[in-house]
Amino acid sequence: MKVQIPTEYSLRLVLPGVVGLITTEYRGRYNVTTVSWLMPAGREPPLVAVAINPSTLCYEFIKRSGEFVINIPTRDVINQVMTCGRLSGNDVDKFQRTGLTMEEPKVVRPPWIEQCLAHLECAVVNAYQPGDHVIFVGQVAWAVAEEGSFEEGWLLKEKELKPLHHLGANWFAALEERIEAT
Ligand SMILES: Cc1cc2nc3c(=O)[nH]c(=O)nc-3n(C[C@H](O)[C@H](O)[C@H](O)COP(=O)(O)O)c2cc1C
């Protein structure tokens, strides 16, 4: 079961540097794209920034629809994460190819990915192109996480309830434990 996360804590879902599967929708077509260039970008309102290559279908769909969902995968779908980062939705239906399935979103059109731990529904409020990627800034409209995975921050208790972190190429990592400072 997934529980709602107050948007004030939702930015901690993308800490520290998690991998995301971005879902997008345009005119009834759906796509899913792997991203690791992802960060919080504002507290009030809650904003996230993601750097997207303009040659991707993800870019095209976000630009046209103004919406995206950040889905946060675990090690259980690591190979699907690579497939969604190697193939383009211009050439193949990545849902069909990977077996990832869609779950009904709350307030935007792009779907959640059922097999993911958490979902942040975002509406684009700004876009910049400082170099060869476009930075989309999205306002988080709704966020949820798998029960037992997140309490004001990732709990990191069980293997299956930890996000993935990208080390480059096809290397990933999971964090060991949450440590509390006084
Ligand atoms: C682990 C991983 C992380 C990636 N991170 C990003 C990213 O942050 N931004 C980006 O534009 N592409 C990133 N990519 C590449 C895209 O996922 C890739 O170009 C994809 O094929 C685009 O698919 P699309 O055309 O269906 O949107 C990443 C790929 C992998 C495997």
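Author: Buried means under 20% relative accessible area, exposed over 50%, and partly exposed in between (1.4 Å probe, protein chains only). The model is predicted: local features need pLDDT of at least 70, side-chain atom pairs count only at pLDDT 80 or more, and totals for chains, interfaces and linings use all residues. Residues are numbered from 1 along each chain as its sequence is written, and side-chain values use heavy atoms, without hydrogens and water.

Glu152 is partly exposed, because its relative accessible area is 48%. Find it in the loop between S10 and strand S11 (165-168). Strands (E, at least two residues) and helices (H or I, at least four) are DSSP runs, numbered from the N terminus. The backbone of Glu152 deserves a look. Its phi is positive, about 60°, although Glu152 is not a glycine. Most residues other than glycine have a negative phi.

Arg27 shows a positive phi too, about 45°, and is not a glycine either. Arg27 sits in the loop between S2 and strand S3 (29-35). With 72% relative accessibility, Arg27 counts as exposed.

Patch residues have over 30% relative accessible area and no salt bridge, with like charges joined within 9 Å. A salt bridge is a side-chain nitrogen of Lys or Arg within 4 Å of a carboxyl oxygen of Asp or Glu.

A cis peptide bond joins Glu44 to Pro45, with omega about 10°. Pro45 lies in the loop between S4 and S5. Arg43 is found in the loop between strand S4 (38-42) and strand S5 (47-52). Arg43 belongs to a positive surface patch, with Arg12, Lys157 and Arg178. Arg43 is exposed, because its relative accessible area is 69%.

There is a cis bond from Leu15 to Pro16 as well, with omega near -15°. Pro16 is in the loop between helix H1 (7-10) and S2. Most peptide bonds are trans.

The structure holds 3 aromatic pairs. Rings pair if their centres lie within 6.5 Å; planes under 30 degrees apart count as stacked, over 60 as edge-to-face, the rest as tilted. Tyr26 and Phe61 make a tilted pair, 6.0 Å centre to centre, with 45° between the planes. Tyr26 lies in strand S2 (residues 20-26) and Phe61 in helix H2 (residues 57-65), so the pair ties together parts 35 residues apart in sequence. Phe61 is buried, because its relative accessible area is 3%.

H2 has a further ring to follow. The centres of Tyr59 and Phe136 are 5.7 Å apart and the planes are at 40°, so this pair is tilted. Tyr59 is in helix H2 and Phe136 in strand S10 (residues 134-146), so the pair ties together parts 77 residues apart in sequence. Tyr59 and Phe136 are both buried. That brings us back to S10, on one side of the loop that holds Glu152.

Conventions
Patches are made of residues with over 30% relative accessible area and no salt bridge: like charges are joined within 9 Å, nonpolar side chains (Val, Leu, Ile, Met, Phe, Trp, Tyr) within 5 Å. Accessible areas come from the Shrake-Rupley method with a 1.4 Å probe; for residues, only the protein chains shown count as cover. Lys and Arg count as positive and Asp and Glu as negative; His and the chain ends are not counted. The place of a charge is taken as NZ of Lys, CZ of Arg, CG of Asp or CD of Glu.
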